[in-house]
Amino acid sequence: MPADIASLLKRSAELLSVSDSPRLDTEVLLGHVLGKSRTFLFTWPEHQLSAAEQAQFEALFARRLRGEPVAHLTGSREFWSLSLAVSPATLIPRPDTELLVELALQLPLPASAAVVDLGTGSGAIALALASERPQWQIVAVDAAEGAVALAETNRQRLGFANVRVLQGDWFQQLTGQTFDLVISNPPYIEADDRHLSEGDVRFEPASALVSGDSGLVDLARIVGEAPGHLHDGGWLLLEHGWQQGEQVLRLMRAAGFVEVATHHDLGGRERATLGRWRLAR
């Protein structure tokens, strides 16, 4: 017999071993199958699924029990109020990364700022900035062909004409170009970090997560190359691990950045560091 919404939501406890948010995961999967909002689930708990809907839910629920990320199961994730297509080709956009968007929007940038988002993945940061600053001209760069295709799909679907997506290794395709803001959420996890074998990251590309034995290889490269691609007075804004704030501060200061500061995420952890590039007077 087909089950109703209330009985299926009770099954969320089965996900406790693989999820920190089992109830939410179950609600999202049910809403996806039904094409309904979570509000519908709360309002109509007695609603019965069709046989086809229940079969689809059971298949997705079984995959979640095996640890597959909910975003991969539904094919989308919300970031900065934008619904983004996601895939195993990129990182799943995370709420912590919204801090970079918040900080970027607070910077004293020109009305028509030139911005580059390095390692754009799904395009989350670039597209969030484009949604808030339609006059900004934004370049979104990623080395992975799958990520570039996904970011372009999201750009076209959301209709942001002020974003251009390129394939390249960090600044490789940007020779001679300078920007008011370089922003990035690069790989920053150590190669032997135990968390790589836990949770959702098991299903995400290692190339988007791991940055050498120290976790600082890509951060150091971006800091070292950014001055050649920043206008005088331009900003560099980087996400990093919660224990890397002091190291990134030192990297930026050693490279000649001023007004360097580290900011904390909603959990109170060091998450992003920014600095301003000033030519010597």
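1. Glutamate 259 counts as partly exposed, at 46% relative accessibility; buried means under 20% relative accessible area, exposed over 50%, and partly exposed in between (1.4 Å probe, protein chains only). This residue is placed in strand β8 (residues 257-264), and its phi is positive, about 55°, although it is not a glycine. Most residues other than glycine have a negative phi.

2. This is a predicted model, in which local features need pLDDT of at least 70 and side-chain atom pairs count only at pLDDT 80 or more, while totals for chains, interfaces and linings use all residues. Residues are numbered from 1 along each chain as its sequence is written, and side-chain values use heavy atoms, with hydrogens and water left out.

3. Serine 81 also has a positive phi, near 70°, in a residue other than glycine. The loop between β1 (76-79) and β2 (82-85) holds serine 81, which is exposed, with a relative accessible area of 63%.

4. The chain contains 10 helices and nine strands; helices (H or I, at least four residues) and strands (E, at least two) are DSSP runs, numbered from the N terminus. Of the 281 residues in the chain, 50% are buried.

5. Helix α4 (residues 51-65) has 15 residues and reaches 21 Å from its first C-alpha to its last, close to the 21 Å expected at 1.5 Å a residue. That expected span is 1.5 Å times one less than the number of residues. After α4 comes glycine 67, with a positive phi near 105°.

6. Within α4, the residues Gln54, Phe57, Leu60, Phe61 and Arg64 are buried. Seen down the axis of α4, its buried residues fall within an arc of 130°, so they line one face of the helix; the arc is that of the directions from the helix axis to the C-beta atoms. The face turned away from this buried side carries the exposed residues Ala51 and Ala52. Among the elements covering the buried residues of α4 are α1 (5-9), α2 (22-34) and α5 (70-74), where contact means heavy atoms within 4.5 Å.

7. The packing of α2 against α4 has an angle of about 145°, with the axes 10 Å apart. Axes are lines fitted to C-alpha atoms, for helices over the stretch in contact, and angles run from 0 to 180 degrees between N-to-C directions. Asp25, Thr26, Leu29, Leu30, His32, Val33 and Leu34 in α2 meet Glu53, Gln56, Phe57, Leu60, Phe61 and Arg64 in α4.
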